[in-house]
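Dear colleague,

Please find the structure below. My notes on it follow directly after.

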Amino acid sequence: MLFWLKNIRKIILVVASILAICLYFYVTSHVNFPALQIIRLTQVYAFSALGFLYLSLIVSPLYSAFPWLPLKAIATKTKQAFGLSAWGFAELHAYFAFFKTLGGFKGFWFLSGSIQIAILLSSFALTILTIMAATSPSFMHKALGKYWKKLHRFVYVAGLAIIIHFLMIGSHFFDTHKTLPTIVLSLILFLIALELLRLYRYLLKKFESFPRAILATIIIIIWGLVSYYTLISPLF
């Protein structure tokens, strides 16, 4: 157990690197056409980045909601490695999507306005992830002091920008009549539910005199609206 706890970050980064290489060779060996290979690589690296980012985001709210869950020490140490892995896959996705599929900046100007906005949102998110990756080493943590944690909270802004980018670019994927999109959206809603629960507990402590019933009702309404517009409304 001590070995895994001490080296868990390195293990995750090694596994993520191996996964990136394996995905590349799998796609290029199973897809015959070069243009289609680029599309598939763009997609698999996007989903990998989203998956690792999800894992880095869910650790804190999950243990906040369920403090009795085991392996908290190990899970907490994984957040940084998951975040770095998400950044690496996001860079690969950006490379294949922007430079290989679009042909760089010259292809950007031929896109529709909504697609350009979606790409700008993803660039904004990638910039945040890059800054976080650059400031992830322990010496940067010490150098930034109390500002390190505040800086790394921008990961939630990046996550929101990525979700909007996903919805705008890959709207065809989010067909809730299909199993995989429903699973992905359900996982995202689960994360949002955990964050709303954590927000509820934080507000209770900060505004102790505020009626709990009203605050809980507001949180439930927010959760209901998000759930409806994400999962239910697309069915009609």
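**Findings**

Leu 71 is exposed, with a relative accessible area of 51% (exposed means over 50%, buried under 20% and partly exposed in between, with a 1.4 Å probe and protein chains only). This residue belongs to the loop between α2 (34-65) and α3; helices here are DSSP runs of H or I with at least four residues, numbered from the N terminus. The phi angle of Leu 71 is near 60 degrees, a positive value in a residue other than glycine.

The model is predicted: local features need pLDDT of at least 70 and side-chain atom pairs count only at pLDDT 80 or more, while totals for chains, interfaces and linings use all residues. Residues are numbered from 1 along each chain as its sequence is written, and side-chain values use heavy atoms, leaving out hydrogens and water.

Helix α3 (residues 72-101) packs against helix α5 (residues 113-134) at an angle of about 145 degrees, and their axes are 10 Å apart. Axes are lines fitted to C-alpha atoms, for helices over the stretch in contact, and angles run from 0 to 180 degrees between N-to-C directions. Residues of α3 that meet α5 include Trp 87, Glu 91 and Phe 98, and their counterparts in α5 include Ile 119, Leu 126 and Thr 130 (contact means heavy atoms within 4.5 Å).

His 152 lies in helix α7 (residues 146-152). His 152 is buried, at a relative accessible area of 13%. Apart from neighbours within four places in sequence, His 152 is in contact with Met 132, Thr 135 and Ser 136.

With kind regards

Technical notes. Helices (H or I, at least four residues) and strands (E, at least two) are DSSP runs, numbered from the N terminus.
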